[in-house]
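Please consider the following model with attention to its strand pairing and its nonpolar cores. The report takes up the strands and then turns to the cores.

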Amino acid sequence: MKLIKSLAMLSVLGAMVASCGEAKKEETVETTEIVEEAVEVVETPNIVGVASANADFSTLVAAVGAADLVGTLSGEGPFTVFAPTNAAFDKLPAGTVETLLKPESKAKLTSVLTYHVVSGKFEAAAVIDAINANNGKFEVTTVQGGKITLSLVGGNVVLTDANGGTATVVIADVAASNGVIHAIDSVVMPK
């Protein structure tokens with residue numbers, strides 16, 4: 001009888017140990033499960049989106065809208081935009097911006113705006129390399145069809161338009177999903 005009692009106690013003790021081991025296994029499995037986190041993907045906006053998000057380009061954004069160029073500059077690209085700041089537009093003679101924004105001036109406005117755009121993505125380093133590789137001046141053809149000459153003055157990239165007017169790049173390499181923006185301090189004008 002003692003033997004049966006001892007065997008019964010051993011089997012109860014074995015069952016307890018086995019169940020504790022299984023519980024411990026389950027705990028281990030629970031703590032080692034892979035937890036997936038939601039990762040927010042932030043996409044860089046296109047040229048129009050970047051310009052719209054910056055208060056210093058509000059005049060440019062209004063002009064792009066008035067010229068019906070939002071779709072074009074939101075397109076695949078890539079584009080390099082030499083974007084005049086609000087202060088650049090303020091340098092124009094009084095009434096120029098208001099006149100350009102009128103519906104009857106749409107063709108002229110489109111010409112002025114597309115004169116600031118070059119097909120392709122040209123970051124500052126590539127622009128500087130092109131200037132240096134071409135004896136200090138590099139001519140680009142704009143989407144408008146006119147030419148702008150790029151040069152370096154005091155380490156800054158300077159644009160010279162068809163009329164001899166100049167603009168200096170004040171902020172380079174503003175990334176957009178469909179190109180790059182370089183902010184300039186003056187509006188350049190086609191012939």
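## Strand pairing and cores

In β5, T160 is the bridge partner of T149. The model is predicted, so that local features need pLDDT of at least 70 and side-chain atom pairs count only at pLDDT 80 or more, while totals for chains, interfaces and linings use all residues. Residues are numbered from 1 along each chain as its sequence is written, and side-chain values use heavy atoms, with hydrogens and water left out.

Helices (H or I, at least four residues) and strands (E, at least two) are DSSP runs numbered from the N terminus, and two strands pair if DSSP finds at least two bridges between them. The two antiparallel pairings are set out below.

| Pair | Residues | Bridges | Residues between | Turn glycine, phi |
|---|---|---|---|---|
| β3 and β4 | 137–141 and 147–153 | 5 | 5 residues | G145, about 110° |
| β4 and β5 | 147–153 and 156–160 | 5 | 2 residues | G154, about 60° |

Each pair forms a hairpin, and within the pairing of β3 with β4, F138 stands opposite L150.

A nonpolar core is a set of buried Ala, Val, Leu, Ile, Met, Phe, Trp, Tyr and Cys residues joined through side-chain atoms within 4.5 Å, where buried means under 20% relative accessible area (1.4 Å probe, protein chains only). The largest such core has 27 residues, of which F57, L60, V81, L113 and I181 touch the most other members. Among the elements that each supply at least two residues of this core are α3 (58–66), β1 (79–84) and β7 (179–184), whereas the largest share, 4 residues, comes from α2. Leaving aside neighbours within four places in sequence, L113 is in contact (heavy atoms within 4.5 Å) with L60, A63, V64, A67 and L69. A second, separate core of 14 residues includes V140, I148, A167 and I184.

Notes
Buried means under 20% relative accessible area, exposed over 50%, partly exposed in between (1.4 Å probe, protein chains only).
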